[in-house]
Amino acid sequence: MERAVYYFTGTGNSLVVARDIADRIGASLFPIASFKDEKDISVEAESIGIVFPVYFMGLPNIVKSFCSKLGGIGDKYIFAVCTYGGGKGDSIKELRSVLSSAGGRLSAVIGVHMPQNSFKKPGENSTRVLKKWKALSLDIADRISQKKEFYFVSNRLIDLVQIPLTPLLRPAYMKYMIEETGGSKEQSREELIGRIDMVFETNQSCNGCGSCARVCPVDNIEMISGRPVWLHKCEKCHACLNWCPNRAIYDRTGREQFFYRNPQVTFDDMLKQKQRNMIQRNNNQTAM
Ligand SMILES: Cc1cc2nc3c(=O)[nH]c(=O)nc-3n(C[C@H](O)[C@H](O)[C@H](O)COP(=O)(O)O)c2cc1C
């Protein structure tokens with residue numbers, strides 16, 4: 001296997017980006033969530049992609065943990081693609097650091113503006129945003145195929161503005177997490193995010209179907225007496241809320257009820273995220 005793309009997603013944006021790139025460069029596609037219980041992950045591919053959403057201006061916990069377990073990446077071409085509603089924040093900085101501890105180095109960084117999935121972004125036309133990615137994907141895949149070293153972000157201006165703002169804004173997220181979880185400053189960001197599922201509640205439309213528990217990429221939901229119970233090992237990916245067929249889950253801290261799912265992704269695609277098997281993109285690829 002020459003090329004592998006690993007992805008994590010809550011509402012499908014990162015899956016679409018990962019899938020498009022994998023298709024164009026002839027890579028195998030692997031869900032990061034399916035590796036969550038592995039202690040060590042050895043990588044055979046020569047080129048590796050890591051595709052993920054930005055959360056709270058940083059790297060999702062599961063992506064950090066996945067990358068820290070990678071072995072044999074010293075001589076690989078590694079590219080990262082973060083998808084975001086605004087900008088990459090510190091996510092790439094954090095990724096560089098964890099990859100460096102694992103002996104690897106990022107060769108290419110790609111930041112892709114995608115529809116915001118956690119609140120209604122004023123004036124955002126998600127169809128237009130998705131089309132922009134389609135237009136970009138060919139060129140990006142081409143550069144990756146040629147193992148080029150490059151840095152690309154969809155909106156360079158926001159990226160530049162965010163660099164000095166990120167350290168100022170991140171404490172506000174910590175404050176929100178401490179307040180909503182009843183946590184303390186001594187707790188790590190990872191711990192607090194794990195418990196941030198305390199903001200999720202259900203309304204009277206919940207019929208106990210269990211779709212939320214099935215779709216949760218990290219098995220953070222148990223159905224008890226016909227209702228979801230969150231187990232405090234959350235990624236805050238919003239899959240439970242957005243894939244609920246009855247719109248019965250809401251974030252009680254949200255300004256208004258907001259739902260988003262990437263239109264090119266199905267519930268079954270989301271379930272595949274938990275399967276250990278490689279998702280075959282090419283007929284000539286071999287299973288891991
Ligand atoms: C909990 C949470 C936090 C987020 N934080 C940020 C952020 O700090 N900056 C940003 O630009 N987008 C942020 N987003 C938006 C997502 O990164 C973006 O919509 C992404 O494309 C979603 O990817 P997915 O569909 O693969 O889950 C956040 C989304 C969620 C659910």
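**View 1. The ligand between two domains.** In this predicted model, the ligand lies between domain 1 (3-159) and domain 2 (169-264), because both give residues to the shell around it; the domain bounds come from an automatic or database domain assignment. The shell holds 26 residues, and the closest are Asn 13, Ser 14, Pro 53, Tyr 84 and Gly 86, where a residue counts as near if its C-beta atom, placed from the backbone, lies within 6 Å of the molecule. Helix H1 (13-25) and strand S6 are the elements that give two or more residues to this shell, helices (H or I, at least four residues) and strands (E, at least two) being DSSP runs numbered from the N terminus. Residues are numbered from 1 along each chain as its sequence is written. The model being predicted, local features need pLDDT of at least 70 and side-chain atom pairs count only at pLDDT 80 or more, whereas totals for chains, interfaces and linings use all residues.

**View 2. The two sides of helix H3.** Within H3 (residues 91-101), Ser 91, Ile 92, Leu 95 and Leu 99 are buried, meaning that 20 or more other C-beta atoms lie within 10 Å of a residue's own, while 12 or fewer make it exposed. These buried residues fall within an arc of 90° seen down the axis, so they line one face of the helix; the arc is that of the directions from the helix axis to the C-beta atoms. On the face turned away from the buried side, H3 carries the exposed residues Ser 100 and Ser 101.

**View 3. The end of helix H3.** Gly 103, whose phi is positive, near 90°, follows H3.
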